[in-house]
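Subject: Structure handover

Hello,

Here is the structure you asked to have passed on. The notes on what was found in it come after the display.

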Amino acid sequence: MTPISTSGWQLTPGEEQADAVATLNGGGQLQMSFLSPSMARVTWKPATGFREPRTWSVCPDLSKDVPLGGRARDTLEGFARPALQVDAPGKVLKTEQLAVRLMGGNGQQPVRLEWFAPGSGLHYQSDRVTSAYLSERRTGLVRHCVVRDHREHYYGLGDKTGPLNLHGRRLRCMGQDSIGYDPQHGDPLYKHWPFLMTRTVDGLWTGIYYDTLSACTFDLGCEHDNYHGFFRTTEIDDGDLDYYLMVGKTPAEVVAQFVALVGGTHLPPRWSLGFAQTAMGLADSPDAQQQLDRFIDECVSRQVPISSFHYGSGYSSRGKQRYVFTWNRSKFPDPEKVNAKFQAAGMRLVANIKPCLLDDHPAYAMLAAQHAFIEHEGTGQPVVEPYWDGQGSHLDFSRQSAVDWWKSQLQAQILDKGIDVGWNDNNEYAIQAEDAFSAGWGQTMPMHRSRPLHALLMTRATFEAQQEHAAGRGDTEAVFTVTRAGPPGLQRYAQTWSGDNTTSWASLKWNIRTGLQMSLSGMFNIGHDVGGFFGPIPDPEMFLRWVQACSLNPRMVMNSWKEGNVSNLPWMHAEVAEQVKQAIELRYRLLPYMWQCFEQACAAHTPIIRPTFYNFPDDEVCLQDSDDFMLGAELLVAPVVEAGAIKRTVYLPQLPAGQRWFDFYTRQAYAAGQSHVVDAPLAHLPLFVRQGAQIAVASPRSGQTPRYDDPVSEVLKF
């Protein structure tokens, strides 16, 4: 590894002195630019130019999307840049909230930056003294090293497993299909999300986003080198080092800045907040349409509240193989008929769609001739690799021909058949061919630098096709879509989830943290497969506890793939079927409050579910690992995640002097800033409300099953 050094920093001319540039001794330059009073950007541009000259994630203008061909990496357009004060002389630049000290400059000392609060002098982040910016000529790897204190807390990086505090772990940002992953230790999962948030030893908060599509590794305390002290590193595989640093006094301030940087959060249609069901076993059955017909009747007769049904890919399957945008008419002789029955029963429809076509797909030859697939560089031949028990090729969503075909087929085979939403699945693009490349909208990109981009562009194409379809019908209802994979930017279009989890008590427990980690990372509309997707069938107790734990997540979808085509269904265990229904009904009762949380997520960039320290950053007890989480600002949810437990200990965070917490159901008062042992019988989800809260709740219309659009019946005051 070669450290970079400079003969000195220079401030750009102008009244604001908004940039500092260091010309590097080995060629290229390091540029530091302030973007707001609390955000700055550092870009390392090699002498040969950027490897990734465009970005699709950074989108500071919330009124318009990034161009399909990407945003130029070297632009600062869209930022209201602040005036700066220059001190010491020319070595410190600062606003009222953030200061940076420019270090290195005699040609020998490595270049480095120190970030601190101007008033107090407290540090936000300091580059490693011995060498902070390094490159490896052999592999193209670039490395950023930062001073680490063992008392710091680290959060973010997307869908990560294990305890929320990531300190001490080594983690990879590179989406891949991780079915049956270890819920405590597994890594990586499905998202590429190089955003890290730090709580400093002084209780300040710093976020850093590395804007790259290349795979990244974050070492947060595993590596130690006697010559460099304690440090943490970010390694980028053959990409660019271009990072955004944002600071605040609370985690809320940092998360909001990051989400605004990557384009905000899309507000979905209200029906998408309701309970949803999907089960591969139903659609995979030889008599799938009859199975779904009976499922609808069962929901109605049992009066189970349900707002949507998510078709798994079984509607397109022949044996184990899946053929996107086709219907197996032997299993679905009349899809329009069963879809209309779903809609008449109050269930909107979502259909699973995949970006890879098997080589015997009816459209394969045509698309290959149009060069619509990921290809081997210089050959014009599609990359063919194993996929769903066959061989297939992935669509190149950076080619217009692929996008046009995708949109046309989504309309013809999904939307025109009475289905509302496309669910983008299996879109991790784990292509192994080293010479694979993407067209890149006219500027070719090697696959290792565009892998997560295709999940984002696929999701965008689905979203835009639905918008175009709705506009053609004069439909003004909001659209949304779902995706399993992608980089920052996916939240502009889609809901997501923690992927193909395994049925176990461990998954129930640790998935709670993964959902909160995604929320802290800027993915707010999230959830988990209720009851576990993969593995054994949940027993009655585990199943009910899982339903309870997920009943107040932003996304509540019961999804499974079990041996023998058994499906997780609300009535799968007769002994707890009524309690499962009650847990779902609790969700519908609280939907008005949840909808307010969604609106706040979109307007103010605030997570819907949060770890308790998000709401109470000054209460250090909240930093301890916990099964609890906040729903919005007012409700604390305390799921039971251990077999046989009928009591559990819950810590209720500190409130302003004299204020207390209340049991949501009984209104029993509890002291704040203390742990309490509370009853948690099998049918009960412990739920607490902070004093002063006003919770809007709904009630179904007389004689009706609860619906997502039930009117507010009252506002509960605590």
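Below are the findings, grouped by element.

Please keep in mind that this is a predicted model.

Strand β21 covers residues 242-248. Seven of its seven residues are buried, so β21 is largely enclosed by the rest of the structure. In a regular strand the side chains alternate between the two faces of the sheet. In β21, D242, Y244, M246 and G248 point one way, while Y243, L245 and V247 point the other way. The residues of both sets are buried.

β21 pairs with strand β5 (residues 39-45) in the antiparallel sense, over five bridges. One of the bridge pairs puts T43 together with D242 of β21. Strand β18 (residues 205-210) also runs antiparallel to β21, and six bridges join these two strands. There, W205 stands opposite G248.

The loop that leads from β20 (231-236) to β21 holds D238. D238 has a phi near 55°, which is a positive value in a residue other than glycine. Its relative accessible area is 18%, so D238 counts as buried, the cut-off being under 20%.

Strand β3 (residues 19-24) is mostly covered, with five of its six residues buried. β3 runs antiparallel to strand β4 (residues 29-36), and the two are joined by five bridges. T23 has Q29 in β4 as its bridge partner. Four residues separate β3 and β4 in this hairpin. G27, in the turn, has a positive phi of about 100°.

Two open sheets

Strands of a sheet pair through backbone hydrogen bonds, either parallel or antiparallel.

At the β12 end, strand β11 (residues 112-116) pairs with β12 over three bridges, in the antiparallel sense. F116 has H123 in β12 as its bridge partner.

W661 stands opposite R690 of β45.

Helices α3 and α4

Two packed helices are described by the angle between their axes and the distance between the axes. For helix α3 (residues 288-302) and helix α4 (residues 335-344), the angle is about 10° and the axes are 10 Å apart. Since angles under 35 degrees count as roughly parallel, α3 is roughly parallel to α4. Their crossing is left-handed.

Which residues of α3 and α4 meet? From α3 come Q289, L292, D293, F295, I296 and D297; from α4 come P335, K337, V338, K341 and F342. By class, this contact has six nonpolar, one polar and four charged residues.

Residues in loops

Three further loop positions are listed here.

- P188 lies in the loop between β16 (170-173) and β17 (195-199). The peptide bond from D187 to P188 is cis, with omega near -5°.
- H371 is in the loop between α5 (364-369) and β28 (375-376). Its phi is near 55°, a positive value in a residue other than glycine. H371 is partly exposed, with a relative accessible area of 35%.
- S567 is in the loop between β37 (555-558) and α10 (577-589). Is S567 buried or exposed? At 8% relative accessibility, S567 counts as buried. Leaving aside residues up to four places away in sequence, S567 touches A279, G281, L282, S560 and M572.

Regards

How values were computed. Residues numbered from 1 in each chain as written. Predicted model: local features only at pLDDT ≥ 70, side-chain atom pairs only at ≥ 80, totals over all residues. Heavy atoms only, no water. Axes fitted to C-alpha atoms, helices over the stretch in contact; angles between N-to-C directions. Parallel < 35°, antiparallel > 145°, perpendicular 65-115°, else oblique. Left-handed = near helix turned anticlockwise from the far one by under 90°. Contact = heavy atoms within 4.5 Å. Nonpolar A, V, L, I, M, F, W, Y, C, P; charged D, E, K, R; others polar. Pairing = 2+ DSSP bridges. Buried < 20%, exposed > 50% of the residue type's maximum accessible area, 1.4 Å probe, protein only.
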